[in-house]
Amino acid sequence: MTETTVAARRSITVQAPPDRAFHTFTAGFSSWWPIESHHIGATMATEVIMETQAGGRWFERDADGNECDWGYVTAIEPPHRVLLAWHLTPEWTFDPDPAKATEVEVTFTATENGGTLVELEHRGFEKHGETGAKMREAVAAPGGWNDLLEMYAKALYLERGRGHLVA
């Protein structure tokens, strides 16, 4: 097995029921995604949107209304699972070719204490050949999925009334 065939896997347990955890990850994506540092458009994004139906778009929008696609929702099973087609290349540009899209699958499983185990798997890097390994390294490195899930967990914590979210 080559490095590019290895999926990037991350998980976190959050203190929120699956329906809330799912909603914040999907419909509330902009509440936790660090758009200042994680956007691909020519100008700073002001929001990131995940349309919560199969076939829905996953994209960013800037203050002028310009949109930059990231991918699509390929499957959605609230509050248990969302599967995303990530159409970003190893150079962090959008490629509309579905054959080159990697997949991001996120599952939400209730825990005994009323929380949710959130498991994320980003796979399919081999579609990009040798540069796929670099992409996998980037999403698994600091600033990648692990840090992003921590930001997501913090947003859930703040939503529960123990703090406030800054828009």
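Is Phe-108 buried or exposed? Keep that one in mind for a moment, everyone, and thanks for coming. What I have on screen is a predicted model, and the answer is that Phe-108 counts as buried, because its relative accessibility is 3% and the cut-off is under 20%.

Let me step back to the overall fold. The protein has three helices and seven strands. Going along the sequence, their order is β-α-β-β-β-β-β-β-α-α. The radius of gyration is 16 Å, close to the 15 Å that the globule rule gives for 167 residues, so the protein is as compact as a globular protein of that length. If you like boxes, the C-alpha atoms fill one of roughly 45 × 45 × 30 Å along the principal axes.

Some totals for you. Of the 167 residues, 44% are buried. Take the contacts between residues at least 6 apart in sequence: 51% of these join residues at least 24 apart. The accessible surface comes to about 8400 Å², with 52% belonging to carbon and sulfur atoms. On charges, there are 14 positive and 25 negative side chains, and the centres of the two sets lie 4 Å apart.

Now back to the aromatics. A search of the whole structure finds 17 aromatic pairs. In one of them, Phe-25 and Phe-108 have ring centres 5.9 Å apart and planes at 70 degrees, so this pair is edge-to-face. Phe-25 sits in helix 1 (residues 18-25) and Phe-108 in strand 6 (residues 102-110), so the pair ties together parts that are 83 residues apart in sequence. Phe-25 is buried too, with a relative accessible area of 1%.

Trp-33 and Trp-70 make a tilted pair, 5.2 Å centre to centre with 55 degrees between the planes. Here the link runs from the loop between helix 1 and strand 2 (45-50), where Trp-33 is found, to Trp-70 in strand 4 (residues 67-77), 37 residues apart. Both Trp-33 and Trp-70 are buried. Ring pairs also join these four residues into a cluster whose members include Phe-22, Phe-29, Trp-145 and Tyr-152.

The C-alpha atoms of Ser-11 and Leu-149 are separated by 7.7 Å, although the two residues are 138 apart along the chain. Ser-11 itself is partly exposed, with a relative accessible area of 45%.

That's my tour, and I'm happy to chat about any of it.

Notes. Residues are numbered from 1 along each chain as its sequence is written. This is a predicted model: local features need pLDDT of at least 70, side-chain atom pairs count only at pLDDT 80 or more; totals for chains, interfaces and linings use all residues. Side-chain values use heavy atoms; hydrogens and water are left out. Helices (H or I, at least four residues) and strands (E, at least two) are DSSP runs, numbered from the N terminus. The radius of gyration is taken over C-alpha atoms; the globule rule is 2.2 Å times the number of residues to the power 0.38. Buried means under 20% relative accessible area, exposed over 50%, partly exposed in between (1.4 Å probe, protein chains only). Contact means heavy atoms within 4.5 Å. Accessible areas come from the Shrake-Rupley method with a 1.4 Å probe; for residues, only the protein chains shown count as cover. Lys and Arg count as positive and Asp and Glu as negative; His and the chain ends are not counted. The place of a charge is taken as NZ of Lys, CZ of Arg, CG of Asp or CD of Glu. Rings of Phe, Tyr and Trp (its six-membered ring) pair if their centres lie within 6.5 Å; planes under 30 degrees apart count as stacked, over 60 as edge-to-face and the rest as tilted.
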